[in-house]
Amino acid sequence: MARRFSAPYQTEPVSSLASWARNLAVFAVVAVLVSILIVRFGFLEPKPALVTFFGGLAIAGLSILFGLAGFAAIWQNGSRGMARILLAFLIDGAILAYPAYLALQYRKLPAIHDITTDPIDPPRFDALARLRAGDGANTAVYAGLYSAEQQRHFYPDIEPIELEIPVDRAYAIALQLVNKRKWLVIDERAPQPPRRMGRIEAVARTPIMGLREDISIRVVPDGEDSRVDIRSASRYFDSDLGSNAARVKKFIEDLNTAADADALKPVKKTPVAPPKAPAKTVKK
């Protein structure tokens, strides 16, 4: 006869708060990823899509609150669910870490979005002007005196680029750097001294959200040398969290390095043909 247990083992119930914390964390990460995909692939304008993004961050914060409440409940009644809470905290931390860093940057950096090496006469957006005419987009006109003052205070090392190479070489190197960065070139015009300056207009994308930031590069002769100016401006929002300044600084550094290397290249001499010997006259 089989033995029967009069008091079978009963497992402790799982805390509902722990389950809610995990489920909210999963929902938050889905909302954040969907909003990023919407912006990167242009399904919606950035501002409506960012509402979903910030909604996902809010849900992640709510998940943390449920997790803390669930931890207190487990501590009191001994129910299960600690693994679900820890998983929720891990997901929430991964979601909120980078936005928290951006929030710190927002408090530290000026609320400007238009950076240029020449605030007095910045490179214009010509071909890009029509792309900045959409609803909610920043104007193609330079941001103005306030932006220039803030830039001079926070980014004093952004200045015009003086290169000791001819203007055609400066333009070629600048275009090579643009293509190397995989910026989308909208328009390019090589310089034709003395009248036409060189101009490159392109679009860059921010690393995660893929927000568009427009770039205009101007290359002009300066005697036998050349001068390059660059402007980088966010298409949306009043603050770029330092992304345009970082892009301009890196471009200045790389352009100077490439120009110095180009100036050190030996000049290829065209071989001179030996003079022809005079024709011999035959005396008859």
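Biologist: How is a salt bridge between the side chains of Arg227 and Asp118 to be read, and what is the N to O distance?

Modeller: Side chains of opposite charge can pair when their charged atoms come close. In this predicted model, the side chains of Arg227 and Asp118 form a salt bridge with an N to O distance of 3.3 Å. Arg227 belongs to strand S6 (residues 225–234) and Asp118 to the loop between S1 and H4, so the pair ties together parts that are 109 residues apart in sequence.

Biologist: Is Asp118 buried or exposed, and what is the state of Arg227?

Modeller: The relative accessibility decides the class. Buried means under 20% relative accessible area. Asp118 counts as buried because its relative accessibility is 11%. Arg227, at 23% relative accessibility, counts as partly exposed.

Biologist: Which residues does Asp118 touch, beyond those up to four places away in sequence?

Modeller: With those left out, Asp118 touches Arg218, Arg227 and Asp229. The loop that holds Asp118 runs between strand S1 (114–116) and helix H4 (145–154). A polar atom of the Asp118 side chain also lies 3.2 Å from the backbone nitrogen of Asp121.

Biologist: With which residue does Asp229 form a salt bridge?

Modeller: Asp229 forms a salt bridge with Arg227, and their closest N and O atoms are 2.8 Å apart. Salt bridges that share partners join Asp118, Asp121, Arg218, Arg227 and Asp229 into one network.

Biologist: How many salt bridges does the structure hold, and which residue pairs with Arg199?

Modeller: The structure holds 17 salt bridges. Arg199 forms a salt bridge with Asp126, with the closest N and O atoms 3.9 Å apart. This pair links distant parts of the chain, Arg199 being in strand S4 (residues 198–205) and Asp126 in the loop between S1 and H4, 73 residues apart. Arg199 is buried, with a relative accessible area of 5%, whereas Asp126 is partly exposed at 34%.

Biologist: Let us turn to the strands. In which sense do S4 and S5 run, and how many bridges join them?

Modeller: In a regular strand the side chains alternate between the two faces of the sheet. Here, S4 and strand S5 (residues 212–222) run antiparallel and are joined by eight bridges. Arg205 stands opposite Arg212 in S5. The two strands form a hairpin with six residues between them, and Gly210 in the turn has a positive phi of about 75°.

Biologist: How many bridges pair S5 and S6, and how many residues lie between these strands in their hairpin?

Modeller: S5 and S6 pair in the antiparallel sense over 10 bridges. Two residues lie between S5 and S6 in the hairpin, where Gly223 in the turn has a positive phi of about 70°. Asp214 stands opposite Ala233 in S6.

Biologist: Now the surface. Which residues form the nonpolar patch, and which helix gives the most to the patch?

Modeller: Leu62, Leu65, Leu68, Leu86 and Phe89 form a nonpolar patch on the surface, with about 460 Å² of accessible area together. Helix H2 (46–77) and helix H3 (82–108) each supply at least two of the patch residues. H2 gives the most, with three residues. Leu62 is found in helix H2 and is partly exposed, with a relative accessible area of 38%.

Biologist: What order do the elements follow from the N terminus on, and what share of the residues is buried?

Modeller: The chain has six helices and six strands, and its elements run α-α-α-β-α-β-α-β-β-β-β-α from the N terminus on. Buried residues make up 40% of the 284 residues. The accessible surface of the chain comes to about 17,900 Å², and 61% of that surface belongs to carbon and sulfur atoms.

Biologist: What percentage of the contacts between residues at least 6 apart in sequence join residues at least 24 apart?

Modeller: Of those contacts in the chain, 69% join residues at least 24 apart.

Key
Residues are numbered from 1 along each chain as its sequence is written. This is a predicted model: local features need pLDDT of at least 70, side-chain atom pairs count only at pLDDT 80 or more; totals for chains, interfaces and linings use all residues. Side-chain values use heavy atoms; hydrogens and water are left out. Helices (H or I, at least four residues) and strands (E, at least two) are DSSP runs, numbered from the N terminus. Buried means under 20% relative accessible area, exposed over 50%, partly exposed in between (1.4 Å probe, protein chains only). A polar contact is a pair of N or O atoms within 3.5 Å; within protein, one must be able to donate a hydrogen and the other to accept it, and residues adjacent in sequence count only if both atoms are side-chain atoms. Contact means heavy atoms within 4.5 Å. Patches are made of residues with over 30% relative accessible area and no salt bridge: like charges are joined within 9 Å, nonpolar side chains (Val, Leu, Ile, Met, Phe, Trp, Tyr) within 5 Å. Accessible areas come from the Shrake-Rupley method with a 1.4 Å probe; for residues, only the protein chains shown count as cover. A salt bridge is a side-chain nitrogen of Lys or Arg within 4 Å of a carboxyl oxygen of Asp or Glu. Two strands pair if DSSP finds at least two bridges between them.
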